[in-house]
Amino acid sequence: MDTERDRGARTAEMDIPIGVDVFCEGAPCGRSTYVVVDPHGQRVTHVVVRGTRFEDGDRLVPLTEVEGTTPTRITLRCTAAELAAMPAFTETEYVRSDVPFFTYGAADYLMWPYPDIPAPMTVPVERRRVPRGEEAVPRGARVRATDGFVGRVDEFEVDPASGQVTHLVMRRGHLWGQRDVFLPVEAIDRVKADVVYLKLGRAQVGRLPAVRVPRQTP
């Protein structure tokens with residue numbers, strides 16, 4: 001369990017929750033979908049916010065725009081209009097494909113009632129616009145110890161002044177017995193392909209401070 005010292009040390013830190021409502025000027029303006037981390041500098045650089053309207057898409061919001069957080073919401077300094085003007089997190093690129101229909105090649109099928117062999121088609125491919133050298137981490141990303149998977153990402157705790165990650169909050173257990181485990185940033189080895197790799201084994205992770213999750217899983 002947390003000690004009084006542990007809780008006191010985190011009072012000056014800011015949780016960056018994923019999958020919660022985001023507010024601008026006191027009104028809902030979106031929902032957090034990812035945090036973007038610099039694994040080398042061990043800091044959070046951006047929060048990805050999906051706007052309330054379909055056409056808004058996902059936007060890369062610098063951490064400096066985060067005014068405050070709670071376990072269930074993020075408050076931004078910017079307006080909803082300023083949020084909509086921020087860089088898109090995903091972009092759609094159209095590429096030519098030689099496999100236009102499931103697993104069939106362009107010369108392997110005909111389109112009834114037309115006897116002609118179809119030409120390769122153009123298909124949309126969505127790409128994340130993550131800054132070079134950084135990684136986007138969604139809520140629920142897997143956390144792997146040196147000897148196997150141990151849980152999933154719940155949120156990050158950062159120093160609001162520097163954006164430096166201080167703890168990774170990891171969720172363990174089943175729906176009726178979940179606990180949040182606070183992993184110090186020094187325990188993180190690397191982040192790659194939506195997986196957080198630790199320097200610790202499962203037994204070591206099991207000895208870290210944990211608290212019962214007080215809120216419902218979305």
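Select R50 first: its relative accessibility is 45%, so R50 counts as partly exposed (buried means under 20% relative accessible area, exposed over 50%, and partly exposed in between, with a 1.4 Å probe and protein chains only). Side chains of opposite charge can pair when their charged atoms come close. By this rule the count comes to ten salt bridges.

What is on screen is a predicted model, in which local features need pLDDT of at least 70 and side-chain atom pairs count only at pLDDT 80 or more, while totals for chains, interfaces and linings use all residues. Residues are numbered from 1 along each chain as its sequence is written, and side-chain values use heavy atoms, with hydrogens and water left out.

**Colour by confidence**

Colour the chain by pLDDT, the predictor's confidence in each residue, from 0 to 100. The mean for the protein chain is 79, and 72% of its residues reach 70 or more. Now select residues 1-11, where the pLDDT is below 50; beyond near neighbours in sequence, this stretch has 13 contacts in the model (contact means heavy atoms within 4.5 Å). Where pLDDT is low, the predicted coordinates should not be read in detail.

Select R139 and D154 next. They form a salt bridge, with the closest N and O atoms 3.0 Å apart. This pair links distant parts of the chain: R139 is in the loop between β10 (135-138) and β11 (142-145), and D154 is in strand β12 (residues 148-158), 15 residues apart. Helices (H or I, at least four residues) and strands (E, at least two) are DSSP runs, numbered from the N terminus. R139 counts as partly exposed because its relative accessibility is 24%, whereas D154, with a relative accessible area of 2%, is buried.

The C-alpha atoms of I18 and D154 are separated by 7.0 Å, although the residues are 136 apart along the chain. I18 counts as buried, at 2% relative accessibility. Leaving aside residues up to four places away in sequence, I18 touches S32, T33, Y34, V35, V137, P138, R139, V153 and D154.

**R202 and D147**

Move to R202 and D147, a salt bridge whose closest N and O atoms are 3.7 Å apart. R202 lies in helix α3 (residues 202-206) and D147 in the loop between β11 and β12, so the pair ties together parts that are 55 residues apart in sequence. R202 is partly exposed, with a relative accessible area of 43%, and D147 is partly exposed too, at 38%. For a linked set, select R139, D154, R171 and D180: salt bridges that share partners join them into one network.

**Rings**

The structure holds one aromatic pair. Show Y34 and F89: their ring centres are 5.1 Å apart and their planes are at 45°, so the pair is tilted. Rings of Phe, Tyr and Trp (its six-membered ring) pair if their centres lie within 6.5 Å; planes under 30 degrees apart count as stacked, over 60 as edge-to-face and the rest as tilted. Y34 lies in strand β3 and F89 in the loop between α2 (80-84) and β8 (90-97), so the pair ties together parts 55 residues apart in sequence. Both Y34 and F89 are buried.

Then look at two arginines over rings. The charged end of R144 sits over the ring of F149, 4.9 Å from its centre, and that of R190 sits over the ring of Y197, 4.0 Å from its centre. The rule asks for NZ of Lys or CZ of Arg within 6 Å of the ring centre and within 35 degrees of the ring normal.

**Cysteines**

Select C24 and C29. They form a disulfide, with sulfur atoms 2.4 Å apart (a disulfide is a pair of cysteine sulfur atoms within 2.5 Å). The torsion about their S-S bond is about 65°, so the disulfide is right-handed. Both C24 and C29 are buried. C78 is in no disulfide; the nearest cysteine sulfur, that of C24, is 4.4 Å away.

**Last stop: D38**

D38 is in strand β3 (residues 27-38) and counts as buried, at 16% relative accessibility. Not counting residues up to four places away in sequence, D38 touches R43, T45, G133 and E134.

Note on methods. A salt bridge is a side-chain nitrogen of Lys or Arg within 4 Å of a carboxyl oxygen of Asp or Glu.
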